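I am keeping these entries as a record of what I looked up, item by item, with the sequence and the coordinates open beside me.

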Amino acid sequence: ATCYRALLGSAQPQIRAEAAWALGDFRSANDWFGQAARARDADAMVRVRWGELFIDTHQDDEAFKLFQEALQRDAGNAWARVGAASVLIGRYSKEASGHLDAVLKNDQAPAGARLRALLLAAQVARIPLINASCPVEHPCQAFADAMTTIEKKGPLQKAKVAFLCGW
């Protein structure tokens with residue numbers, strides 16, 4: 001908390017807003033985000049973070065307006081799309097999938113935004129969702145191994161399996 005209190009003295013209103021939010025002072029955070037938005041009108045991320053504050057305080061209509069403003073400033077902003085989708089999901093709106101798809105199909109979107117979009121998509125999916133697009137590890141390898149075991153040895157309930165791993 002000492003670190004955040006020190007940041008309240010920053011000359012940048014967005015930093016003061018983030019610090020106040022972290023300290024639970026939502027009113028001051030709101031005021032400082034407003035100042036930051038006026039000072040940096042073209043900056044979509046100020047509005048995204050302000051919108052996330054509104055989600056945090058259960059003011060989804062205000063949050064959605066800010067995400068829309070962010071998208072007006074930067075139509076490709078993945079964080080604004082994820083924020084808008086989270087509000088739309090709460091409204092049971094099918095429009096949410098358009099925002100999520102745009103983020104998930106964008107290889108240039110920040111990894112954190114893609115992860116949040118994936119988690120939101122999984123939350124509302126009508127069927128199980130498996131992410132098989134990891135460039136580092138193959139997340140479906142266990143399924144493939146299980147299917148091969150079933151083909152070669154029969155039901156898994158009676159299979160004896162040795163698990164080896166190393167790194």
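This is a predicted model: local features need pLDDT of at least 70, side-chain atom pairs count only at pLDDT 80 or more; totals for chains, interfaces and linings use all residues.

How many salt bridges does the structure hold? I find 10 of them, and I looked at several in turn.

I began with Glu69 and Arg47, which form a salt bridge whose closest N and O atoms are 2.9 Å apart. Glu69 belongs to helix H5 (residues 60-73) and Arg47 to helix H4 (residues 44-56), so this pair ties together parts that are 22 residues apart in sequence. I then checked the exposure of both partners: Glu69 has a relative accessibility of 29% and is therefore partly exposed, whereas Arg47, at 5%, is buried.

Next I took Arg116 and Glu52, whose side chains meet in a salt bridge at 3.2 Å from N to O. Since Arg116 lies in helix H8 (residues 111-124) and Glu52 in helix H4, the pair ties together parts that are 64 residues apart in sequence. Arg116 is partly exposed, with a relative accessible area of 31%, while Glu52 counts as buried at 12% relative accessibility.

The other pair I looked up is Asp107 with Arg114, where the side chains meet in a salt bridge at 3.7 Å, N to O. Here I read a relative accessible area of 64% for Asp107, which makes this residue exposed, and a relative accessibility of 22% for Arg114, which counts as partly exposed.

I wanted to know whether the length of helix H9 (residues 141-153) fits its residue count, and at 1.5 Å a residue its 13 residues should span 18 Å. The expected span takes 1.5 Å times one less than the number of residues, and the end C-alpha atoms of H9 are 18 Å apart, in agreement with that expectation. What follows H9? I find Gly154 there, with a positive phi near 95°.

I looked up the patch made by Tyr4, Leu7, Ile15 and Leu23, which is nonpolar and covers about 290 Å² of surface. Tyr4, one of its members, is found in helix H1 (residues 2-7). With a relative accessible area of 38%, Tyr4 is partly exposed, and I note that 38% lies over the 30% cut-off for patch residues.

Notes
Residues are numbered from 1 along each chain as its sequence is written. Side-chain values use heavy atoms; hydrogens and water are left out. Patches are made of residues with over 30% relative accessible area and no salt bridge: like charges are joined within 9 Å, nonpolar side chains (Val, Leu, Ile, Met, Phe, Trp, Tyr) within 5 Å. Accessible areas come from the Shrake-Rupley method with a 1.4 Å probe; for residues, only the protein chains shown count as cover. A salt bridge is a side-chain nitrogen of Lys or Arg within 4 Å of a carboxyl oxygen of Asp or Glu. Helices (H or I, at least four residues) and strands (E, at least two) are DSSP runs, numbered from the N terminus. Buried means under 20% relative accessible area, exposed over 50%, partly exposed in between (1.4 Å probe, protein chains only).
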